[in-house]
Structure formats: C-alpha cells, structure tokens
Amino acid sequence: MNSHFHILRRSLQALAFAGLALALSNCAGSKTGGHSSLSYDPVTKPVKNPSNVRVKLSTGAQRVYVMEGNEVLLATPCSVGTASAPTPKGNFTIYSKVANRRRVSSPGAGYPMTFWMEFQSAYGMHWGWVKPYPCTHGCVRLPIKAAQKIFSMVKTGTPLNIAVSQPEDATIGKTLPVLDDSKLADPPDSYMNSNKVFEDAAKGKMYY
C-alpha cells in the first residue's frame, strides 16, 4: 500500500509540475498582461471563392475580420490610428499589395512595412508592432502571421469596410487574445534595414 501511495503521490506531483510549466510557458510572451503578437497565429478557414472575400475592420475593438459572405475566415487583433491621426473610416478597396515594402516618408524612412495592403493613399494594413490601444499614424498594424495570411487571402480589388464597430466584435472578436508588444526591445537597425527582415517575414516570423 505504501509503495502504491508513493507512486500515486509522485505522479500527482509530476502532473502539477507539468501544469505549472505549461502555465508559465503560456505567459512567457506576456510582459504587460498581454501576449506578444509574434506568437499569435490566427486560425484560418480556406477561401472557396476569392471574389466573395471582403475585409471588415473595427477601430473601436481593434479587430480585423476576413469574411467570405457571412462566414469569418480569419479574425485578428490589430492596432489602429490615434485620435489625432485616425484610421480612415468608410468603404474602400485594397488596390495595392507589396510583400516587401519599406516606409518612404520621414521620420522612419526605410522601416519595413511587410505585407503592405494599401486601401487609401499612404494608408494600408501591414505588419507592425501591435498594442492594445490605438498607436499608429493611421495605418493598420497586424501580427506577422496574421499579415502574412491576410495578404495571401485578399487580392487587388478586395472590399474593405472600416467602422467604429462591427457585428463580429460581439462574437468572435471577444474571444481574441490581448496582444501587447510595448515592452519588446527594438530590433537593431542592422536587422530592420537588411533583407533578412523580409526573409523572416516570408516564414511568418520577425527577429525574435
């Protein structure tokens, strides 16, 4: 009996330790109460008819939804423009796609804006550091894997609706995690200015 008890106790201790290790590993990317966007990989449903794909953006909830008809194919957190430099609202089309794009204007000329999807002159969705509050100059920043997937799902001419809220905010939008890259150290300029940044982006990763 004693040997069985000790075996059971060791098994329970091992399970408890494994559970704790899993909990800690899940929080490893969390530095301010949210996970880093670099580890976020949104679940995606396949596109059946590219002509029926459309994108919806909620600036209030900071959510992007790729839709086919009324079905959500992909949902992801994002970051939008601040009150002083808001993301434009209305109906647009994605009219330009550039996988390996760099910022042209200053400040920040040369900074990578990978998986660029332009919907208004100088405004686009693209990879960028994501925070749980509006923080851009009007563009829409996406997690790297989300940007990569959305880029492959949309085409030039895909409709985009941007509004303060979307119906999906109350359903799938509520299930999305909090993403916060605010405490990540900036990658070195030697990396950000090199082609390696685009090579990594093609693999769905960024520096770290």
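Predicted model: local features only at pLDDT ≥ 70, side-chain atom pairs only at ≥ 80, totals over all residues.

Colleague: What is the strand order of the open sheet?

Modeller: Five strands are arranged as β3-β2-β1-β9-β4, with mixed pairing.

Colleague: Why are β3 and β4 said to stand at the edges?

Modeller: β3 (71-77) and β4 (90-94) each have a single partner strand, so one side of each lacks a neighbour in the sheet. From one strand to the next, the twist averages 20°.

Colleague: What makes β2 and β3 a pair?

Modeller: Pairing requires at least two bridges. Strand β2 (residues 63-68) and β3 have six, in the antiparallel sense, and therefore they meet the requirement of at least two bridges. Among the bridges, Val 64 is partnered by Thr 76 of β3, and Tyr 65 by Ala 75. The hairpin of these strands has two residues between them, and Gly 69 takes a positive phi near 65° there.

Colleague: Why is β3 described as largely enclosed?

Modeller: Six of its seven residues are buried, so the rest of the structure largely encloses β3. Helix α2 (residues 144-153) lies across β1 (53-58), β2 and β3, and runs at about 145° to β3.

Colleague: Which residues have the most contacts inside the largest nonpolar core?

Modeller: That core has 35 residues, and those with the most contacts inside it are Val 64, Met 125, Leu 142, Ile 150 and Met 206. Helix α2 supplies its largest share, five residues. A second, separate core has eight residues, including Tyr 40, Met 67, Val 72 and Leu 179.

Colleague: Which residues does Val 64 touch, not counting residues up to four places away in sequence?

Modeller: Among them are Met 125, Leu 142 and Ile 150, which are also listed with Val 64 as having the most contacts inside the largest core.

Colleague: What makes β6 a partner of both β5 and β7?

Modeller: The requirement is again at least two bridges. Three bridges join β6 (residues 116-120) to β5 (residues 96-98), and three join β6 to β7 (residues 123-127). Both pairings are antiparallel. Ser 96 stands opposite Glu 118 in β6, while Gln 120 has Tyr 123 of β7 as its bridge partner. In the hairpin of β6 and β7, with two residues between the strands, Ala 122 takes a positive phi near 75°.

Colleague: How do you know that β6 is mostly covered?

Modeller: Four of its five residues are buried.

Colleague: Why is Asp 200 called buried?

Modeller: Buried means under 20% relative accessible area. Asp 200 has 2%, and is therefore buried. Asp 200 is found in helix α5 (residues 196-202), and touches Tyr 191, Lys 205 and Tyr 207, residues up to four places away in sequence not being counted.

Terms used:
Residues numbered from 1 in each chain as written. Heavy atoms only, no water. Buried < 20%, exposed > 50% of the residue type's maximum accessible area, 1.4 Å probe, protein only. Contact = heavy atoms within 4.5 Å. Axes fitted to C-alpha atoms, helices over the stretch in contact; angles between N-to-C directions. Core = buried A, V, L, I, M, F, W, Y, C linked by side-chain atoms within 4.5 Å.
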